[in-house]
Amino acid sequence: MSANLNQTNIEIDDPNFRAVFQNLQGNILKGHGRDHSRHIFFAFKGDSDQNQQVLNKLAEKVTSAEAQHQQQSSYKQTGQAHLFVNLMLSCSGYQQLGIAPKDWPDDPAFRAGMKDLQTPFDTLPRGGHTPTANPLNDDISQWESGFQGRIDGMLLLALGGMAPDHAERTLTAEVQALQQTYDDNLELLFVQRGHVMRNDKGQVIEHFGFVDGVSNPKFLFSDLNEEFRNGGYSRNDPSAPLNLVLVKDPGGNPDSYGSYVVYRKLQQNIKGFWDRLALLANHLSENSSSPIDAEYAGALCVGRFKDGTPVSEQGNDGWSNLFNNFSYDDDADGLRCPFHAHTRKTNPRGDTVRQFNSPPTIERSRRIVRRGISYGETELSPEQEWTDAGLLFMCMQASIVDQFIFMQHTWCNNAGFVRPGTGIDPLVGQAPADAAPPPQQWRSGWSNPNASTTDFSFAGFVKTQGGEYFFMPSLDFLQSLGCRQGA
Ligand code: HEM
């Protein structure tokens with residue numbers, strides 16, 4: 001059977017998808033939901049036959065979408081926690097397995113790898129864009145050494161639903177056990193520890209202190225239903241077809257699907273960010289009848305207030321701060337939420353339709369599925385700049401070039417998106433290493449066409465420490481390794 005990937009609003013126990021979801025890794029269609037994780041980056045040590053056998057053995061640990069669903073139900077009923085495991089491969093991983101190139105996943109960015117700064121990628125020209133090498137403006141000499149070498153794959157272990165200490169100890173023991181079992185065959189290059197941070201309401205936050213993980217494409221009936229109860233769909237449709245995130249696994253049976261994963265370790269300069277916001281707030285206050293504080297300036301950077309309230313919707317009553325049923329239809333000129341705001345850059349909610357007459361389906365097809373987790377120190381007001389704290393950004397998509405790279409390059413890093421003079425995304429926009437980003441324009445009044453504007457450059461508080469492009473293959477592919485012929 002071949003699944004119809006145009007479908008959405010399905011459920012993991014849908015009998016029509018049983019073979020697909022038994023074979024698909026978890027954490028793609030729905031986040032694994034655990035608060036503690038380990039990302040174990042590895043390189044193969046053996047020849048292709050040995051490497052296939054190792055992976056075949058590791059496949060026993062991997063959690064399918066169906067198993068994730070069962071674990072969730074059993075946790076709700078019995079409180080019993082389960083270890084969650086994903087396994088993903090880079091293109092060099094496929095090479096080390098001796099798989100013929102014609103059978104590798106074919107996304108050009110996946111095949112090139114994140115460290116390739118020479119291959120030009122076609123980010124679908126519109127408004128003067130041409131295929132570009134190094135579309136992310138990466139400077140690999142600044143990356144952590146572990147990310148500069150060859151990475152063949154990554155194992156993600158995650159655990160939650162128990163005391164934090166217990167989860168951390170269990171994960172450490174799991175990593176040690178893996179190290180012992182696979183010492184002859186796998187080089188564990190480095191292990192990155194991740195943990196969810198929460199505010200006093202228990203909502204997930206990132207290191208700058210903003211609620212995170214609110215808006216994501218939804219595939220499952222239960223998730224869509226929850227979003228409906230949380231505000232409805234009248235102004236924003238969060239549903240997404242399976243083909244936003246799934247592609248056929250070239251190495252598996254007809255029921256086999258996988259997803260491309262973008263991994264970026266993003267360090268956050270928390271003190272620098274808030275000091276600069278205080279300065280921005282002072283500038284804005286000079287031209288405003290009422291004082292503007294750093295928290296408000298932060299909302300103009302992110303597009304949401306710290307508690308999640310969309311800056312375009314402030315003052316509206318009747319919905320929770322995790323509200324996602326909004327668009328920028330009533331803010332076509334960016335008088336409420338600046339065009340440069342992170343959430344508006346990464347999900348323009350109709351801006352490209354208004355600005356370029358681009359079909360809404362195209363804008364919606366750029367969406368990514370975010371599955372990142374924070375790392376490092378949890379202090380939200382550190383005294384030092386650049387503490388060991390940040391986001392292990394991870395997103396899944398059906399095309400790295402048309403989704404993540406397009407979003408980062410053509411939207412976040414592009415000072416001319418969505419209008420000339422908009423400026424780069426103040427949170428994650430990366431200017432080329434040798435260029436200073438032009439200033440963004442900031443308004444002193446909300447929804448006021450006569451409010452004065454201030455030019456102010458806000459950038460550089462998130463630094464890429466490394467990353468890689470991966471493919472998360474089907475279980476059928478992993479299980480058949482070692483039983484198949486090499487290249
Ligand atoms: C340290 C780096 C980052 C931080 C602190 C950060 C923070 C946030 C926050 C606070 C939100 C709003 C809450 C939500 O809707 O979930 C958000 C939304 C979002 N971010 Fe990021 N983010 C980071 C990196 C990135 C990167 C690299 C991308 C992709 C290029 C990205 C794409 C998105 C998208 C697509 C949304 C949802 C927008 C919407 O649908 O309204 N983020 N981020």
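This is a predicted model: local features need pLDDT of at least 70, side-chain atom pairs count only at pLDDT 80 or more; totals for chains, interfaces and linings use all residues.

User: Which side chain meets Asp 351 in a salt bridge?

Analyst: The general idea is that side chains of opposite charge can pair when their charged atoms come close. Here the partner is Arg 344, with N and O 2.7 Å apart. Arg 344 is buried too, because its relative accessible area is 1%, under the 20% limit. The pair also belongs to a network of salt bridges that links Asp 329, Asp 331, Arg 344, Asp 351 and Arg 354.

User: How many salt bridges are there in total?

Analyst: The count comes to 23. One of them joins Arg 364 and Asp 237, at 3.5 Å from N to O. That pair links distant parts of the chain, 127 residues apart: Arg 364 is in helix α13 (residues 360–365), while Asp 237 is in the loop between α8 (221–229) and β7 (247–248). Arg 364 is partly exposed at 26% relative accessibility, and Asp 237 is partly exposed at 35%.

User: And where do Asp 275 and Lys 271 lie?

Analyst: Both are in helix α9 (residues 270–286), 4 residues apart, or about one turn of the helix. Asp 275 is partly exposed at 39%, and Lys 271 is partly exposed at 27%.

User: Let's turn to rings. How many aromatic pairs does the structure hold?

Analyst: There are 27. To read one, look at the distance between ring centres and the angle between planes. Phe 17 and Phe 21 are stacked, with 5.3 Å centre to centre and 10 degrees between the planes. Both Phe 17 and Phe 21 are buried. For Phe 41 and Phe 470, the centres are 6.4 Å apart and the planes meet at 40 degrees, so that pair is tilted.

User: Which strands hold Phe 41 and Phe 470?

Analyst: Phe 41 lies in strand β1 (residues 36–44) and Phe 470 in strand β14 (residues 462–472), so the pair ties together parts 429 residues apart in sequence. Phe 41 and Phe 470 are both buried. Ring pairs can also build a cluster, as with Phe 208, Phe 210, Phe 273, Trp 274, Trp 442, Phe 458 and Phe 461.

User: Which charged residue sits over the ring of Phe 326?

Analyst: That's Arg 349, whose charged end is 3.8 Å from the ring centre. Another case is Arg 366, which lies over the face of Phe 406 at 3.6 Å from the ring centre.

User: What about the nonpolar core: which residues touch the most other members?

Analyst: In the largest core, which has 128 residues, Leu 29 and Leu 55 do. Helix α14 (residues 400–412) gives the most to this core, with 8 residues. Beyond its neighbours within four places in sequence, Leu 55 contacts Phe 42, Phe 44, Leu 87, Leu 89, Leu 97, Leu 478 and Leu 481.

Key:
Residues are numbered from 1 along each chain as its sequence is written. Side-chain values use heavy atoms; hydrogens and water are left out. A nonpolar core is a set of buried Ala, Val, Leu, Ile, Met, Phe, Trp, Tyr and Cys residues joined through side-chain atoms within 4.5 Å. Buried means under 20% relative accessible area, exposed over 50%, partly exposed in between (1.4 Å probe, protein chains only). Helices (H or I, at least four residues) and strands (E, at least two) are DSSP runs, numbered from the N terminus. Contact means heavy atoms within 4.5 Å. A salt bridge is a side-chain nitrogen of Lys or Arg within 4 Å of a carboxyl oxygen of Asp or Glu. Rings of Phe, Tyr and Trp (its six-membered ring) pair if their centres lie within 6.5 Å; planes under 30 degrees apart count as stacked, over 60 as edge-to-face and the rest as tilted. A charge sits over a ring if NZ of Lys or CZ of Arg is within 6 Å of the ring centre and within 35 degrees of the ring normal.
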